[in-house]
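Please open the structure in a viewer and keep a selection panel at hand. The stops below are set out in the order in which they may be selected.

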Amino acid sequence: MLSAEQSCWFVRKVIFWRAVASIAWAVLFLPPITAVFVIISRFSLFHPIQAVSECLSFLTSASAIFSFILLCGVIIMVGFLNLEYYTVIPTIACSKIALLGQLLHPRQFVNSLAHCIMGIIVAWCCAITIGGRYETIAYSCTQGDGSPQMCLNESHLILLLAGAFVGFSHSLLGVIYNLNYVSFHTVQQYKYLRFKGSLSLVLKCSATQALYSVRNYIVVYFFLGYVPKSWICKTLNLHLNSSVHPLDSIAGLLDLSLLYHLWISASFLLFTWHMTLLLFRIFVTEVYSFPVQSSFTEDAHQCLPKVLTDKQPMILKFLALQDLALLSQHSPSRRSEVFSLSQPGGHPHNWNAISKECLSLLADLTQRLIAYHDTVATNGRAKSLSTGSERKTSSESSVTSGTEDLMSPRPTLLMRTPASVFARSMVGCSQSPLTAPFTPDLDSPFASPALRRLTAPMDQCSPWFGTVQSPHIMRRAPKLWSTSTDSQVNGSPLASPASVPSPKQEPSKPSLLAQFLQNRKEQVKNVLAKRVLIMYLFNKLPEASSQALFADSQAHIWALEGLSYLVQSSFSEDQFGVVQTALPSILSCMLGLQEAVDRHFKLPHASSKPVRSASSMGDSTHKTLRFALRATLKTSIYRITTTFGNHLNAVQMSAEHRKRLQQFLEYKE
């Protein structure tokens, strides 16, 4: 068992320093960006030479240096917030109420507050940079009787509040568009090329988002601007100059110079933050090469087989699977280490560990697809499994039996949604397994008892445990025995179905109080179901459940590529035949997964491709992961069939899988 210090070695030695490097580069890019902002904000078409000289004199002033130090502090804070909140599995809200829960989460409140404060700091630096009427919060004015007094500079105030509003909007949009989601590019590029290619997109997204934020801010300030203005005047003992038009009026907000400075300030703020986020994504997702095997025992936990099998931070697991896919395709020397035998003993430990973990990932996805399809069946699109029409095929048992030699049976737990946007993948260096992104909404007032029955933990001895459904179905025999849930949890052996028959139990009659509470509960459900607002909040969003189901499919894509390329290379490189012994299990698992994926794409909204938005920094690749998985799965099976050809006819598998495999051999799939 690895210690907590060893399990987090990757976070301490790799991820943290990659984040530091991204922050350092963002700080290095800050001086030229600030210089461009100074020129844009102070430039004048009628006096260009004078404007340039003023810009140069300002850049060497003490106020500019102090503002730059504050901006560097903001960039560092933004970089560490990216490190704190990033995730490799996006959080997809399946309903409006789920999205509202994410926005109202306490950690999101802290994140929004931090962005508001940083937005005010950046806006103050912009006000100092622009100068003129934006430079100070107060100025000296005269009353009607000629006595001097200090009046509120509303132009400075509106710029500071704009920074807070843009920061708050950026924080909320980060939850809605999954800005904290870090995706991995299919095509490997150098960091410089990735940054150069994405810079124009960052500039476009920043300017567009700033424009919408300023529009929304002007509307909010028009109706509620008097509230902060009155509070500031009362707190700082300032007065309002009656000779100047208030900015929370139509005449005040139609000032084109004010709107221009608000827009360029918001664009500068968002561009620096988006650039920091882009650099963080580029550095964190850089390919990391893990050693396949090590000669030293103390470094064994850093080897690829150990990293894949242990429960590690998700970023480590994803990078390990990415490295597996790359080495299986491009590195013959490292592939030979995977096929090698241990000395002494002559056991293929490397191959067994890698193939076991990959098959486990694929089997888990198959189980999730089955659970999702069964849940959809309870919503009226198919017959319920609890009505006596529960079915299974011969191909279902072959998926479990085909992987028995590589995977030990384990209980199928209730699939949970990935933690919200606020739970980072590396918190506490916890060793969390790859969780399923789909969970039926059991807390919804419209959840049926059949739905709760289907989402309960499955029995290991149940005929549905570890199986795959098929259109070619047969009736399941009635269950003649029962098992103890406690024995599964405690790890004790289960009783044999033949030796321990289940005693016949009379159904207990519920009490009057239980019946009364159940009737009241159903009445409340019926009343709430008739409310339009309640239905709007609790109704499932189109495609959201399907996207959530495949949210972590990038790991399965790499597992499929790694397995298929290793099997293909083993035809000529595997000297000891270690891969051929697992070929039936690999083919059965892939064919079973393909059957489940094909069934999923026959459901409504599953086959419709979403439109990608090019005006947001949010990564939308997770919306099309299910299509990438289906294409990768079919390509992987074809990669194996084209390599082995008719030799696969000697592989033992079920008749259903044999028929499906023949379609690939004949290029008819």
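Select helix α2 (residues 9-42) together with helix α3 (residues 48-59). In this predicted model, the axes of α2 and α3 come within 10 Å and cross at roughly 140°. Angles over 145 degrees count as roughly antiparallel, and α2 and α3 are therefore oblique to each other. The crossing of the two helices is right-handed. To display the contact, show the side chains of A35, V38, I39 and R42 in α2 and those of A51, E54, C55, F58 and L59 in α3.

The crossing of α2 and α11 is right-handed.

Next, hide these helices and select helix α4 (residues 62-85) and helix α6 (residues 106-130). Their axes come within 10 Å and cross at roughly 160°, so α4 and α6 are roughly antiparallel to each other. In which sense does α4 pass α6, left-handed or right-handed? The crossing is left-handed. On the α4 side, the residues in contact include S63, F66, L70, V74, M77, L81 and Y85. On the α6 side, the partners include R107, N111, H115, M118, W124, C125 and I128.

The database annotation may now be laid over the model. An unreviewed UniProt entry lists residues 15-43, 55-79, 112-130, 157-180 and 262-284 under "transmembrane region". Colour two of these segments. Residues 15-43 are 97% helix and 0% strand in the model, with the end C-alpha atoms 42 Å apart. For residues 55-79, the chain is 92% helix and 0% strand, and the end C-alpha atoms are separated by 29 Å.

How many disulfides does the structure hold? There is one, and it joins C141 to C151 with an S to S distance of 1.7 Å. The link is right-handed, with 55° about the S-S bond. C141 belongs to strand β1 (residues 138-142) and C151 to strand β2 (residues 148-152), and the two cysteines are 10 residues apart. Both C141 and C151 are buried.

Is Q312 buried or exposed? Its relative accessibility is 1%, so Q312 counts as buried. Select V11 also and draw a distance between the two C-alpha atoms: Q312 and V11 are 301 residues apart along the chain, yet these atoms are separated by 10.0 Å.

Most residues other than glycine have a negative phi. Select N237, where phi is near 55°, a positive value in a residue other than glycine. N237 lies in the loop between α9 (226-236) and α10 (250-253). With 61% relative accessibility, N237 counts as exposed, because the cut-off for that class is over 50%.

Then select Y667, in the segment after α25 (655-665). Y667 is not a glycine, but its phi is positive, at about 55°. Y667 has 56% relative accessibility and so counts as exposed.

To finish, show the whole chain as a cartoon coloured by secondary structure. The chain has 25 helices and four strands. Of its 669 residues, 49% are buried. What share of the contacts between residues at least 6 apart in sequence join residues at least 24 apart? The share is 79%.

Technical notes:
Residues are numbered from 1 along each chain as its sequence is written. This is a predicted model: local features need pLDDT of at least 70, side-chain atom pairs count only at pLDDT 80 or more; totals for chains, interfaces and linings use all residues. Side-chain values use heavy atoms; hydrogens and water are left out. A disulfide is a pair of cysteine sulfur atoms within 2.5 Å. Buried means under 20% relative accessible area, exposed over 50%, partly exposed in between (1.4 Å probe, protein chains only). UniProt positions are given in the numbering used here, feature names are shortened, and annotations may be inferred rather than shown by experiment. Axes are lines fitted to C-alpha atoms, for helices over the stretch in contact, and angles run from 0 to 180 degrees between N-to-C directions. Angles under 35 degrees count as roughly parallel, over 145 as roughly antiparallel, 65 to 115 as roughly perpendicular and the rest as oblique. A crossing is left-handed if the near helix is turned anticlockwise from the far one by less than a right angle, and right-handed if clockwise. Contact means heavy atoms within 4.5 Å.
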